Amino acid sequence: MAFITANWNPLGEAFYRKMELYEMCWSLGDGLRDCLVAAAPYGGPIALLREPHRRSPSSRPQLEIYSASGVAIASFPWKSGPVVQLGWTVSDELLFIQEDGSVLIYDVFGSFKRHFSMGQEVVQSQVLEAKVFHSPYGTGVAIVTGSSRFILATNIDDLKLRRLPEVPGLQGTPSCWVVLTQDRQTKVLLSNGPELYILDNTSCTAVCPPGLGPQAGSIVHMSVSFSYKYLALFTDTGHLWTGSSHLQDKLIEVDTKKTTPPKQMVWCRRPKSQQPSVVLMWDKLLMVAGVCQDNIQFPIEDLCVLVGELDGVRIISSTNQELLQEVPLVCQEIFKIASMAPGALLLEAHREYEKSSQKADEYLREIKEQSMLGEAVRQCVEAAGHEYDSNTQKSLLRAASFGKCFLTDFSPDPFVSTCRELRVLNGVRESSVGLPLTHTQFKQMTLQVLIDRLVYRQFYPLAIEICRYLKIPDYQGVSRVLKHWASCKVQQKDLTDEAIARAVCVKVGDSPGVSYSHIAAKAYECGRTELAIKLLDFEARSGEQVPLLLKMKRSQLALSKAVESGDTDLVYTVVTYLKNEMNRGDFFMTLRNQPVALSLYRQFCKLQEQETLKDLYNQDDDHQELANYHVTASYREKRLDSRLSLLQSAVDEYNKAKNEFSAKATEDEMRLLRFQRKLDDEKGAGLLGLSLQATMEALLALGLHKQAEQLYRDFKVPDKRYWWLKLKSLAEKEEWDELEKFSKSKKSPIGYLAFVDVCMKSNNKYEAKKYVSKVTPEQRVKAHLAVSDLEGAADAAIERKNESEMGAVLARCSASDHLLIDRLNRAAAAKK
Amino acid sequence: MAAHLSYGRVNLNILREAARKELREFLDKCAGSKAIVWDEYLTGPFGLIAQYSLLKEHEVEKMFTLKSGRLPAADVKNIIFFVRPRLELMDIIAENVFSEDKMHSSRDFHILFVPRRSMLCEQRLKEQGVLASFVNIDEYILDLIPYDGDLLSMEYESAFRECYLENDQTSLYHTAKGLMTLQALYGTIPQIYGKGDCARHVANMMLRMKREFAGSQNQILPVFDTLLLLDRNVDLLTPLATQLTYEGLIDEIYGITNGYVKLPPEKFAQKKQGEASKDLPTESKKLQLNSAEELYAEIRDKNFNAVGAALSKKAKIISAAFEERHNAKTVGEIKQFVSQLPHMQAARSSLANHTSVAELIKDITTSEAFFDNLTVEQEFMTGVDTDKVNTYIEDCIAQKDPLIKILRLVCMQSVCNNGFKQKVFDYYKREILQTYGYEHILTLNNLEKAGLLKPQMSSRNNYPTIRKTLKLWMEDANEQNPNDISYVYSGYAPLSIRLTQVLARPGWRSIEEVLKMLPGPHFEERQQLPAGLHKKRQQGENRTTLVFFLGGVSYAEIAALRFLSQMEDSGMEYIIATTKLLNGTTWIKSLMDRPEAQTS
């Protein structure tokens with residue numbers, strides 16, 4: 001423990017430390033010489049494109065992909081065109097930017113995924129230089145063409161090429177340039193001799209870094225910090241200028257006393273850094289230049305590659321990998337020699353406690369007296385997060401745990417989550433996995449992304465274990481891993497369809513959120529249709545299965561799945577698809593086996609294709625519906641004879657359907673129509689289209705009694721209805737004699753109260769009274785009342801000894817009828 | 001504004017707010033000024049979700065009704081079509097877009113499908129060559145619309161017809177989806193009961209959808225304990241009967257659409273003296289009807305015969321409250337009185353309105369025609385002479401009363417008699433065809449297909465058994481102070497609600513026999529709740545049941561369920577959901593086919 005500060009180097013107020021991350025697992029014969037190297041930030045993989053020893057047309061460069069710890073992942077000869085630049089995307093894909101402007105994308109295992117081009121003009125002018133950069137919008141590519149133009153793509157997953165304005169006076173490549181993301185805009189900063197320019201979408205502006213005098217010379221190297229906030233410029237006179245990337249403030253200007261430009265220049269800072277600094281690398285020297293005039297120098301033996309990280313710089317050499325970073329403030333406080341910070345005291349207290357020394361108490365007391373115990377625990381927990389060595393982590397966490405015992409009201413959450421996260425981090429830092437993430441980086445990239453990256457590397461079991469350990473909801477955790485695993489599994493060529501389907505089913509089961517149709521689509525993409533169908537069977541969402549099944553031309557299956565989903569729109573979609581794909585006979589047969597689809601198609605036809613509807617009914621021998629169809633159709637006919645012939649078809653179909661009533665009724669309808677047309681022609685009666693009742697009504701109104709009578713007999717109209725009709729019609733025309741004659745023609749089937757009422761409706765009391773006497777005894781009171789004959793009503797009611805009828809009469813009596821009232825009351829009383 | 005939605009046991013305002021949020025999000029997707037072109041059918045239901053003010057806040061400047069031809073001129077950047085996914089509407093939209101294109105206007109077009117987008121419709125737009133003209137094609141999932149604090153409706157008019165006549169289960173799919181949305185907001189419903197084929201189908205879809213969404217479900221404590229799915233065809237009788245509650249009668253006589261009723265203006269005109277010139281007396285009076293109005297909430301579900309007494313009691317309370325001003329002596333008392341004035345004045349105008357409505361209704365309910373009709377209905381329901389041709393119906397046909405009235409009565413008789421003898425059946429049908437025209441043969445066929453009319457197959461009529469077992473007829477229905485749901489029809493207890501009541505206590509097992517007589521399967525399903533979400537019920541805490549009527553529900557049935565919720569010892573509160581709020585007339589109308597003759 002005492003040696004913790006051994007590798008600390010002071011620089012101004014801060015300390016810098018260089019920690020070994022890995023002994024590299026690779027064995028590179030030629031080191032990193034003659035290589036294009038790309039190492040992804042956040043401990044990502046490393047790609048090397050090694051030029052062949054002897055340049056000959058037949059020899060190909062060799063591409064090698066390693067994990068950050070140097071474990072070989074893939075290796076293959078590069079057979080495509082000359083590569084200008086390599087770069088990693090945020091989702092661990094490798095970009096090859098070729099001279100002709102095409103960009104090839106490979107996955108981490110070296111299999112080709114897709115490609116795109118940086119534009120047609122580049123094919124001619126060629127790419128001179130290229131850079132891959134990362135921004136909140138994703139991974140971008142910037143190139144300089146042979147005609148000295150800059151072309152940008154801000155996000156390769158949503159490719160939009162932007163050609164930046166011309167730079168005045170630029171020939172060939174600029175002396176150096178960087179891509180900046182500022183104010184939601186992507187810009188290029190470049191130097192051309194003594195000039196410095198900012199290029200954005202619309203303009204090219206000459207700029208001047210504040211405080212960098214002309215005597216400093218022209219800029220030959222530049223570097224922008226991880227967060228795009230800071231900029232470092234190196235001039236040909238060996239001056240290093242640092243400042244904000246807006247070029248408004250200057251941090252420092254140092255004379256490095258080096259006249260050759262550095263091989264690499266990278267910012268080394270951390271969030272909440274005390275003092276940002278820049279790491280410069282020459283052939284044999286690594287220099288850390290900070291805010292003060294001082295610097296730290298490390299000799300290096302081998303050729304190295306610097307990888308800028310959020311909170312430091314990784315130094316990869318052919319034998320090992322180190323992390324150079326500013327020592328976090330909290331670690332300084334705890335581990336600085338003779339520190340009296342609460343965290344330091346707590347660590348000491350715990351150490352004494354383990355030695356069973358009473359000094360533990362003294363230290364503890366000291367912290368408590370300053371009421372700093374909470375702060376002490378916090379410091380230890382935080383420092384543990386920053387330490388890479390697991391023994392240091394443990395002693396810090398034990399101290400924190402020890403300190404916590406003496407606190408009553410202290411949230412355990414930070415302690416617990418730090419323990420968990422460190423366990424995960426230590427796991428992924430293992431050389432076999434090779435993700436050398438610091439805690440700060442992990443927090444920044446989030447757990448989701450860490451799991452994604454493990455998944456890209458196919459560390460499925462580890463990813464699942466982490467998800468379970470950190471108790472992430474399945475939907476976001478385990479399921480996502482399984483989905484990826486399954487998509488990968490279906491591509492395994494050495495296994496049979498059955499084996500794969502079974503394996504997928506066993507592993508995935510019905511994990512929530514795993515879409516089998518997604519996996520099946522993958523299988524289909526790889527040309528394994530049978531496997532895709534097998535996998536689709538496991539899909540719970542029938543709706544999801546349909547589009548893929550249609551794509552695979554399994555239309556019958558698609559139809560039954562659509563029906564199963566209950567989503568009628570989906571059924572319609574498949575049906576329309578089938579209709580276009582199949583011949584009519586097959587199409588109808590298919591529908592026949594799917595009643596739900598058939599009824600939906602019928603609905604569709606009803607609105608859109610009447611003719612097809614008929615064919616459908618015909619095919620099914622659905623005579624009833626066919627008849628209804630003809631009836632409906634008959635109403636659309638303009639000509640009577642065609643209307644009649646459709647009705648005749650309807651009659652035939654109703655007969656076939658053994659629906660005698662409807663057949664008969666339709667025949668009646670035809671008969672009525674013919675009758676109406678005949679009379680319209682003869683008398684201009686305007687009957688066509690009227691109902692039978694209305695026709696008889698019209699005939700009576702016209703005085704065509706004989707014809708009305710004929711209809712009454714021919715159509716077997718019930719007496720009651722006919723009597724009502726005639727009664728009303730005669731009363732309306734005030735043919736009272738006719739009415740009386742009619743009333744005597746035979747016994748009225750509707751009684752005689754109706755006569756009374758109808759006459760009264762025409763305000764003819766005289767006529768009405770004629771029928772009162774004929775009314776049945778039950779209705780007599782009502783009849784008398786209808787003609788306002790209270791006396792008669794009273795007589796009838798008393799005669800019938802009916803109390804409620806007497807009541808009804810009483811209700812109509814006014815005060816002047818007191819004699820009548822008395823009589824009724826007496827009768828009512830007598831009854832009681 | 002929609003506060004009344006949150007008064008009930010279940011805060012349905014959550015649902016409304018969710019719908020409003022989604023609407024705002026869509027509107028904001030189309031940046032700049034907008035005009036909305038409405039599928040006319042949607043404006044009513046949308047009014048319950050968002051007033052014009054909300055749309056205006058999101059830069060909606062114009063609104064048009066969707067019709068063919070050219071769009072009216074409007075100086076806006078976006079044209080948004082709010083439509084149901086129907087092919088015929090797509091053709092109109094295509095026409096609109098084409099005519100705009102001809103004018104080379106640089107507008108953005110958008111479509112919002114309600115309640116769900118449809119591949120079929122998009123395909124049609126593609127065939128018409130306009131699909132690419134749309135910047136956004138989106139769906140607005142509006143299945144269940146809150147109509148009141150305890151009432152949700154999909155206002156899917158053709159649901160019953162589609163299910164039973166056309167074997168088209170689109171509405172059931174929407175129902176299942178709507179229930180999933182509901183569960184996303186109010187938690188998984190642990191118990192599902194159902195009766196009928198459609199109910200079974202909906203439950204199956206729900207269970208499958210639950211599997212599909214497994215894992216993504218919200219960790220919400222369930223608000224509903226039980227879901228009861230009921231097919232309308234389990235109880236064909238109830239909607240046919242004339243509703244006798246206040247709200248039911250308003251609907252029967254004037255028709256309530258989307259919470260509004262239009263009334264003849266005469267009774268309302270004279271009361272406003274000062275502003276007579278402003279209001280045209282010919283324009284019908286539009287009243288909004290929901291529980292936000294205190295008085296209406298109190299009387300809506302009463303039997304109409306008890307409404308008069310309730311109104312006069314209220315009148316006394318209000319005038320007493322106004323009299324209070326004489327007692328107000330101190331400044332403080334006067335201040336308090338004045339602060340209550342707006343509330344009192346609102347109460348007074350509400351009382352005036354409902355007194356007028358009640359008068360209008362009373363004119364009708366006291367008529368002889370109404371009485372005769374009701375007498376016949378009650379005879380059918382009690383099983384008097386249901387097997388013979390009914391003279392009253394005969395007379396009504398002879399008098400050419402409205403066809404729908406005849407159909408309601410005939411269907412009712414058929415249902416109560418479990419079908420007609422062939423002779424009686426043919427007689428009725430012939431009478432109808434001869435009197436109202438042969439074109440109605442299609443309607444009669446439809447009614448037959450839906451089971452509302454039928455020939456007697458077996459000699460056995462189940463209805464009396466069902467009536468007796470479920471106590472569908474209560475002789476001594478108390479209209480003033482009801483003690484049983486039968487008050488809503490003055491004697492007849494709705495079959496659907498009896499089933500609901502029995503389910504709560506003592507359970508369906510006690511009526512297995514009757515359930516078997518009713519069409520379709522009955523079933524029970526349980527949905528597993530995530531651990532830790534099991535409700536710990538307090539002593540005496542009521543359970544909540546969501547009753548979903550597939551194919552429609554009448555206001556009287558709703559009243560009966562509210563009555564059950566309020567019964568002290570029921571231990572159950574009901575929330576009601578349906579595909580459509582209906583009455584016998586609108587229901588029968590939806591089943592009719594009326595071809596119009598082109599022959600001249």
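Reply: Let's start with Arg107(B): this residue is buried, at a relative accessible area of 15%. Keep in mind that the model is a predicted one. The partner of Arg107(B) is Glu100(B), and the two form a salt bridge whose closest N and O atoms are 2.8 Å apart. Glu100(B) is buried too, with a relative accessible area of 3%. Why would two such residues pair up at all? Side chains of opposite charge can do so when their charged atoms come close.

Now stay in chain B and look at Arg232(B) and Glu557(B), whose side chains meet in a salt bridge at 2.8 Å, N to O. Arg232(B) sits in the loop between β9 (226-231) and α9 (237-240) of chain B, while Glu557(B) belongs to helix α23 (residues 555-566) of chain B, so this pair ties together parts that are 325 residues apart in sequence. Arg232(B) counts as buried, at 2% relative accessibility. Glu557(B) is buried as well, with a relative accessible area of 0%.

For a contrast, hop over to chain A. There, the side chains of Lys579(A) and Glu609(A) meet in a salt bridge at 2.7 Å, N to O. Lys579(A) is in helix α16 (residues 568-581) of chain A, and Glu609(A) is in the loop between α18 (595-608) and α19 (610-620), so the pair links distant parts of the chain, 30 residues apart. Here Lys579(A) is partly exposed, with a relative accessible area of 26%, and Glu609(A) is partly exposed at 24%. Across all chains, a search of the whole structure finds 74 salt bridges.

Chain B is divided into domain 1 (3-142), domain 2 (257-268 + 284-365) and domain 3 (369-461). Between domain 1 and domain 2 of chain B, the count is 0 salt bridges, along with 1 residue pair in polar contact. On the side of domain 1 that touches domain 2, the residues divide into 2 nonpolar, 2 polar and no charged. The area buried between these two domains of chain B is about 360 Å², and carbon and sulfur atoms give 58% of that. In domain 1, His4(B), Gly44(B) and Leu48(B) lose the most area to domain 2, together 82% of what that side buries.

Notes
Residues numbered from 1 in each chain as written. Chains lettered and ligands numbered in written order. Predicted model: local features only at pLDDT ≥ 70, side-chain atom pairs only at ≥ 80, totals over all residues. Heavy atoms only, no water. Domains from an automatic or database assignment. Buried area = accessible area lost by both parts, 1.4 Å probe. Salt bridge = Lys/Arg side-chain N within 4 Å of Asp/Glu carboxyl O. Polar contact = N/O pair within 3.5 Å; in protein donor to acceptor, adjacent residues only side chain to side chain. Nonpolar A, V, L, I, M, F, W, Y, C, P; charged D, E, K, R; others polar. Helix = DSSP H or I, 4+ residues; strand = E, 2+ residues; numbered from the N terminus. Buried < 20%, exposed > 50% of the residue type's maximum accessible area, 1.4 Å probe, protein only.
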